Amino acid sequence: MSRTAPQHEKRRRRAPQPPPSLMATLDVHSLAALGDGVGRSEEHGLVVFTPRTAPGDRVTARVTVEGRVGRGRLESIVTPSPVRVAPRCTHYEAPDRCGGCQWQHVDLTAQREAKRHLVQDAFARIGHINVPLPEIKAGAAWAYRRSLTLAIRRRADGSVFAGLRAYDDPEAVFDLHECPITDARVLDAWRAVLAPGAQRHLPEVTRLRGTIKVLDGHALFVLEGGREWPALHDFLAATPSIAAVWWQAEGKRRHLVADRRPAVGEGSGPSGAESGGPSGASFVQVNEEVAAMVHADVVERALAHAPRTVVDAYSGAGVTAVALAARGVRVVAVELDEQATALAAAKLGEVSRAVAGQPTEGSRAMAARVEHALPHLLPADVVILNPPRAGVDERVTQALARRGGDPNTPDARAAARAIIYVSCDPATLARDVARLSGWRVHALTCYDMFPQTAHVETICELRPAGVDQ
């Protein structure tokens, strides 16, 4: 005796299910936040994300189905996009498939257009906020990196090499010989570390991680890994061009093991680079040119509100706080990193003495979590937020929300004239802005801080809802 299946079961049985792996022809129409090209397989009804494709490409790809979307591996380019270009770096394509850049195969103008659209799309899709397509500011497209982190590996014969990882295999580290987006001084310093006379004095383990940074013309080296470094002094003797070395042994905190820089007074430039001091390696701006643009724009936007008081949250080494304090603003810089806070405190003290009698005498730096400190620091005329990629804790947006959105009767603690939010992730920016009830987006500007990659920096200025433009 048969039974009639419920209607919803009939629908489920009839719904076609794409196979878990398939070959597909894709027309790529855009670039996604992590750098993949976004295309659609009409035959299979799938949206597919495929690395190393460009808008306008028609490609064939091997697609792995993950839920309602596909992940593609490029097999061939049927019709190349007009915005497709030859990558400058020899490591970018097979066999190395470097994951350090995502967009070297895309024309620079198209890269920057994609970043503008990524920010606009994040606000619409995640924040449910419609914003105009933002402008983008940019600098040099190549040789801009003043910092390069590499995985260091020891071969069976004891020799050492260092490199980046393949974009599709995080365990595949290749021997890096060039990096066109990196400053030549950084690459020269890496060559010194990996020279035969120096590399043999590194800790004798199979895996290490190193970072070279250039600060004030000096090459700095940070090594992570290993439990012992018995040949440290031999390594230092073999690398006279390395001005300072930090070592973070396995399970230990990072510490300075050698500093051969000349003793100079600590100072800061518009890029945020600190001179001298044992914490110098922590606060190097990767792209000095564009970082200076971001810094100048944040300071200008803050000063446009003629503030007497500013909270600079996630303040780093206090570059923005110091710039505002020097203009007579009373600033509280909040940063969890104790070394960065100590630098900010010292510089704010110098500024305070230089402009004695001004409101800046109350400027200070505090080591604390922003979500813990901020409610006790309000009201302030302007609040600056410059969080890491994860964005701000929800308690931060709760403290800044204007109750009921009424500009005339805001919560007394949150009576700010503006919030200036500096973000390195459009998704978390859009999420956090959506949480800030009673505020509206006044201005949005993108910065191409890392050309040839999918990363984009953004400044979002928020003003109270209902207040005239």
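Tutor: R402 is buried, its relative accessible area being 4%, where buried means under 20% relative accessible area, exposed over 50% and partly exposed in between, with a 1.4 Å probe and protein chains only. The model is a predicted one, in which local features need pLDDT of at least 70 and side-chain atom pairs count only at pLDDT 80 or more, whereas totals for chains, interfaces and linings use all residues. Residues are numbered from 1 along each chain as its sequence is written, and side-chain values use heavy atoms, with hydrogens and water left out.

R402 sits in the loop between α10 (394-400) and β19 (418-423); helices (H or I, at least four residues) and strands (E, at least two) are DSSP runs numbered from the N terminus. A polar atom of the R402 side chain lies 3.2 Å from the backbone oxygen of A416, which can be read against the rule for a polar contact: a pair of N or O atoms within 3.5 Å, where within protein one must be able to donate a hydrogen and the other to accept it, and where residues adjacent in sequence count only if both atoms are side-chain atoms.

The loop between α9 (370-377) and β18 (382-385) holds P379, and the peptide bond leading from L378 to P379 is cis, with omega near 5 degrees.

G328 belongs to the loop between α7 (319-325) and β16 (330-335), and it is buried at a relative accessible area of 17%. Its C-alpha atom is separated by 9.4 Å from that of V351, although the two residues are 23 residues apart along the chain.

Two other loops hold residues with a positive phi. R52, in the loop between β3 (46-50) and β4 (58-66), has a phi of about 65 degrees although it is not a glycine, and R52 is buried, with a relative accessible area of 10%. H128, in the loop between α2 and β6 (135-138), has phi near 55 degrees, but H128 is exposed, with a relative accessible area of 69%.

There remains the second largest pocket, with a volume of about 710 Å³. On a 1 Å grid over the protein atoms alone, a pocket is an open set of points with protein on both sides within 12 Å along at least five of seven lines, and lining residues have an atom within 4 Å of a point; grid points are joined across faces, edges and corners, and a volume is the space filled by probe spheres set on the points. The lining has 32 residues, of which G99, G100, R145, T149 and L164 lie nearest the centre of the pocket. The elements giving two or more residues to this lining are β7 (147-154) and β11 (207-215), and β7 gives the most, with six.

Key
On a 1 Å grid over the protein atoms alone, a cavity is a set of points where a 1.4 Å probe fits but cannot get out, and a pocket is an open set with protein on both sides within 12 Å along at least five of seven lines; lining residues have an atom within 4 Å of a point.
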